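I opened my notebook to write down, entry by entry, what I looked up in this structure. The sequence and the model come before the entries.

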Amino acid sequence: MTQHPGMNGRGAKPLIWVAAGGGSVLLLFLYLILGGLTDPNWIIWVDRDFSNYWIASRLVLDGKVQDLFSGQDVYFPHMQAAFGVDYPWHNWSYPPSYLFFVWPVGLLPHGAAMVVFLFVTMLVFLHSVFMTEPHLQPASAVLLVPFLFCNIITAQNGFITSAIVLYGLALRERSPIMAGIAIGLLTVKPQLGILFPLLLLLERRWAVIVTAGVTAIALVLLSGLIFGWETWRGYIQHNMPYQTYVMTQFGGTFIHMTPSLFGALRSYLIPSTYALPIHLTFAALVVVVFCIGTLKTGVGIRRDFGFLLATFLVIPYSLTYDLGAVSALAAIAAHQSVRGGTSAVMRRVSFTAVAFLPLLHSSFSTYLALPVAPFVFMIAYAISLLDREPADNPPVLGRASALNQQTSDAAR
């Protein structure tokens with residue numbers, strides 16, 4: 001029986017320790033909630049974003065799904081009814097297809113549902129990292145902690161969306177159908193996959209493209225049939241315009257969590273009417289560089305990492321809890337052995353900085369007026385493009401190719 005690379009446990013152990021640490025934090029939350037050792041209402045104020053998912057699930061289960069897509073003045077009163085009139089502002093920004101990911105969470109009490117959701121999605125994320133790099137080094141596993149901590153304290157969906165991105169990248173060579181399904185699922189948060197069509201076209205992965213398209217269409221059709229076509233009409237008429245308003249007009253903590261050039265400009269109080277055109281001009285240049293440079297980098301982690309760096313340089317609207325996939329690949333790439341190219345120290349420092357961005361960007365932007373993410377991304381992307389393997393040292397193979405190579409070596 002052929003053994004999958006990494007199934008010998010060498011790559012799994014670091015992830016097991018990371019999962020145990022994250023699980024311990026979440027179990028402590030659950031103990032405090034259910035054990036009554038503190039005011040049970042504290043979880044409402046610790047939970048920054050999961051409350052959106054819980055309320056959404058409750059509305060679906062109560063037959064009031066349309067209230068999610070009827071405007072902020074209809075949606076937010078449900079949150080105030082559940083958590084009190086002083087509950088901080090939240091809005092619903094996701095398409096109806098996203099409800100498939102959170103439908104069951106309303107079956108549990110709010111605090112317990114949050115802990116279970118974060119723990120399960122964290123395990124999915126760690127599995128996607130294992131699929132990306134079965135032989136994960138302990139130093140790389142440690143660099144996953146900043147993102148894990150960021151997503152836990154924001155109680156967000158970053159684990160599952162980042163896992164979908166990593167599955168799409170890791171499986172596109174050995175399992176095009178599964179990769180296409182993953183990329184199609186990413187349409188619930190489409191900005192994270194904005195460069196996937198270009199990457200797949202450049203690599204001529206037609207099966208992945210077709211499967212992703214079919215999956216995306218199926219998601220829309222299925223959500224329309226189950227939740228009603230009025231939900232999609234409401235999403236287009238109410239949720240999308242309101243989210244655009246939030247992105248372009250809101251400030252404060254929200255804008256300091258946006259790791260793009262647009263976010264950096266907005267953090268300096270530059271109006272969106274100027275910040276967005278500047279960002280889009282810069283993004284167009286990144287797309288040109290991406291198209292020219294992608295096929296010149298070897299397949300595997302290096303190309304995938306460059307793809308994600310370019311993605312977060314291109315999209316104007318993302319938040320620090322969206323950085324899981326790029327942070328994971330930064331953690332892996334920082335400790336890969338590469339001969340030649342740029343300085344090993346420069347490479348390791350810049351890639352490690354990317355892995356820490358989920359925690360550092362907001363703090364630097366808020367307290368030091370230094371929105372560092374776009375500059376860290378630019379430096380790391382330049383290094384990822386310049387740091388190529390010499391001709392006698394082929395690039396890192398894709399996961400399936402690596403397995404074939406190992407089998408061939410064993411046969412010889």
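In which helix is the place of Ser 327? I found Ser 327 in helix 18, which covers residues 324–334; helices here are DSSP runs of H or I with at least four residues, strands are runs of E with at least two, and both are numbered from the N terminus.

Before going on, I noted that this is a predicted model, in which local features need pLDDT of at least 70 and side-chain atom pairs count only at pLDDT 80 or more, while totals for chains, interfaces and linings use all residues. Residues are numbered from 1 along each chain as its sequence is written, and side-chain values use heavy atoms, with hydrogens and water left out.

**Entry on Ser 327**

I looked up the accessibility of Ser 327 and read 2%, so Ser 327 counts as buried (buried means under 20% relative accessible area, exposed over 50%, and partly exposed in between, with a 1.4 Å probe and protein chains only). Leaving out residues up to four places away in sequence, I saw that Ser 327 touches Phe 147, Val 354, Ala 355 and Pro 358, where a contact means heavy atoms within 4.5 Å. I also noted Leu 144, which is 183 residues from Ser 327 along the chain, although their C-alpha atoms are separated by 7.0 Å.

**Entry on the whole protein**

I counted 21 helices and 0 strands in the secondary structure. Of the 412 residues, 54% count as buried. Among contacts with a separation of 6 or more, 76% come from residues 24 or more positions apart. The accessible surface comes to about 17900 Å², and 70% of this surface belongs to carbon and sulfur atoms; the areas come from the Shrake-Rupley method with a 1.4 Å probe, and for residues only the protein chains shown count as cover.

Ser 384 is buried at 2% relative accessibility, and its contacts, apart from neighbours within four places in sequence, are Thr 297, Gly 306, Leu 309 and Phe 351.

Is Ile 292 buried or exposed? I read a relative accessible area of 53% for Ile 292, which is therefore exposed. Ile 292 sits in helix 16 (residues 272–293), and from Ile 292 to Leu 202 I noted 90 residues in sequence and 9.8 Å in space, C-alpha to C-alpha.

**Entry on helix 3 and helix 4**

At what angle do helix 3 and helix 4 pack? Helix 3 (residues 50–61) and helix 4 (residues 72–83) pack at about 100°, with their axes 10 Å apart; the axes are lines fitted to C-alpha atoms over the stretch in contact, and angles run from 0 to 180 degrees between N-to-C directions. That makes the two helices roughly perpendicular (65 to 115 degrees, whereas under 35 is roughly parallel, over 145 roughly antiparallel and the rest oblique). On the side of helix 3 I listed Ser 51, Asn 52, Trp 54, Ile 55 and Leu 59, which meet Tyr 75, His 78, Met 79, Ala 82 and Phe 83 of helix 4.

**Entry on aromatic rings**

I counted 25 aromatic pairs, where rings of Phe, Tyr and Trp (its six-membered ring) pair if their centres lie within 6.5 Å, and planes under 30 degrees apart are stacked, over 60 edge-to-face and the rest tilted. The rings of Tyr 245 and Phe 250 have centres 5.7 Å apart and planes at 80°, so this pair is edge-to-face. Tyr 245 is partly exposed at 43%, and Phe 250 is partly exposed at 21%. I also noted one aromatic cluster, formed by Phe 50, Tyr 53, Trp 92, Tyr 94, Tyr 98, Phe 101 and Phe 117.

**Entry on two loops**

Most residues other than glycine have a negative phi. Ala 155, although not a glycine, has a positive phi of about 50°. I placed Ala 155 in the loop between helix 8 (145–154) and helix 9 (158–171), where Ala 155 is buried at 1%. Gln 156 is found in the loop between helix 8 and helix 9 and is buried at 3%; among its contacts beyond four places in sequence are Tyr 53, Tyr 94 and Phe 117, which I had listed in the aromatic cluster.

Arg 204 has a positive phi near 60° and lies in the loop between helix 11 (196–203) and helix 12 (206–227). At 63% relative accessibility, Arg 204 counts as exposed.
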